[in-house]
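Here are my notes on this one, written as numbered points. Have the viewer open while you go through them.

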Amino acid sequence: MSILILINDAPYGTEKFYNACRLAMQMQKDHGKEVLLFLMADAVTGGIVNQNTPQGYYNIERMLKAILNKGGKVKLCGGCIDARGVAEMKYIEGCERSNMSELAQWSVDAEKVFTF
């Protein structure tokens, strides 16, 4: 069974995205759960490569890569990508463009769903 985490907030500015990633990483570490992240709204920009954050500040790109490296899946809302004009940006390897149909299926199949 999988754990689905929906993220609707920008990667920086609040700590919602950061806390969602922390939870995902802890679930992978402590419970061996399959973690699925679905990025919506401004959260889709968290999947863009080459994020440059100040020394000592969390980096969402590194966190998403860690989740992916442990078998997690990261999908980005295609409509949200298009609405923000970032379809041509380069995304983290393993992050995939998706849609509401796939989110609906993930939601039905998930053991638990968290939203940030």
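**Notes on the fold and its side-chain contacts**

1. Start with strand 1, residues 2-7, which is mostly covered: six of its six residues are buried. Keep in mind throughout that this is a predicted model. Ser2, Leu4 and Leu6 point one way from the strand, while Ile3, Ile5 and Ile7 point the other way.

2. Who are the partners of strand 1? On one hand there is strand 2, paired in the parallel sense over six bridges, with Ile3 standing opposite Val35. To get from strand 1 to strand 2 the chain passes through helix 1 (residues 16-31), and this β-α-β crossover is right-handed. On the other hand there is strand 5, again paired in the parallel sense, over four bridges. In that pairing Leu6 has Thr115 as its bridge partner.

3. In what order do the five strands sit? The order is 4-3-2-1-5, in an open sheet with parallel pairing. Strand 4 (95-98) and strand 5 (112-115) are at the edges with a single partner strand each, so one side of each has no neighbour in the sheet. Neighbouring strands are turned against each other by 25 degrees on average, direction ignored.

4. Strand 2 (residues 34-39) and strand 3 (residues 73-77) run parallel and are joined by four bridges. Leu36 stands opposite Lys73 of strand 3. Glu34 in strand 2 and Lys73 in strand 3 are 39 residues apart, so to speak a link between distant parts of the chain. Both ends are partly exposed, Glu34 at 34% relative accessibility and Lys73 at 38%.

5. How many salt bridges does the structure hold? There are seven. One of them brings together the side chains of Glu111 and Lys33, at 2.8 Å from N to O. This pair links distant parts of the chain, 78 residues apart: Glu111 is in the loop between helix 4 (100-109) and strand 5, and Lys33 is in the loop between helix 1 and strand 2. Glu111 counts as partly exposed at 36% relative accessibility, and Lys33 does too at 27%.

6. Another salt bridge joins the side chains of Arg84 and Asp42, at 2.7 Å from N to O. Again distant parts of the chain are linked: Arg84 belongs to the loop between helix 3 (78-83) and strand 4, Asp42 to the loop between strand 2 and helix 2 (60-69), and they are 42 residues apart. Arg84 is partly exposed at 32% relative accessibility, as is Asp42 at 38%.

7. What about the cysteines? A search of the whole structure finds zero disulfides. Cys77 is buried, with a relative accessible area of 6%. Cys80 also counts as buried, at 13% relative accessibility.

8. Last, two backbone angles to look at. Most residues other than glycine have a negative phi. Ala41 goes against that, with a positive phi near 50 degrees. Ala41 is in the loop between strand 2 and helix 2 and is partly exposed at 22% relative accessibility. Asn50 has a positive phi too, about 65 degrees, although it is not a glycine. Asn50 lies in the loop between strand 2 and helix 2, and at 67% relative accessibility it counts as exposed.

Note on methods. Residues are numbered from 1 along each chain as its sequence is written. This is a predicted model: local features need pLDDT of at least 70, side-chain atom pairs count only at pLDDT 80 or more; totals for chains, interfaces and linings use all residues. Side-chain values use heavy atoms; hydrogens and water are left out. Two strands pair if DSSP finds at least two bridges between them. Helices (H or I, at least four residues) and strands (E, at least two) are DSSP runs, numbered from the N terminus. Axes are lines fitted to C-alpha atoms, for helices over the stretch in contact, and angles run from 0 to 180 degrees between N-to-C directions. Buried means under 20% relative accessible area, exposed over 50%, partly exposed in between (1.4 Å probe, protein chains only). A crossover is right-handed if, with the strands pointing away from the viewer, the path from the first strand over the helix to the second runs clockwise. A disulfide is a pair of cysteine sulfur atoms within 2.5 Å. A salt bridge is a side-chain nitrogen of Lys or Arg within 4 Å of a carboxyl oxygen of Asp or Glu.
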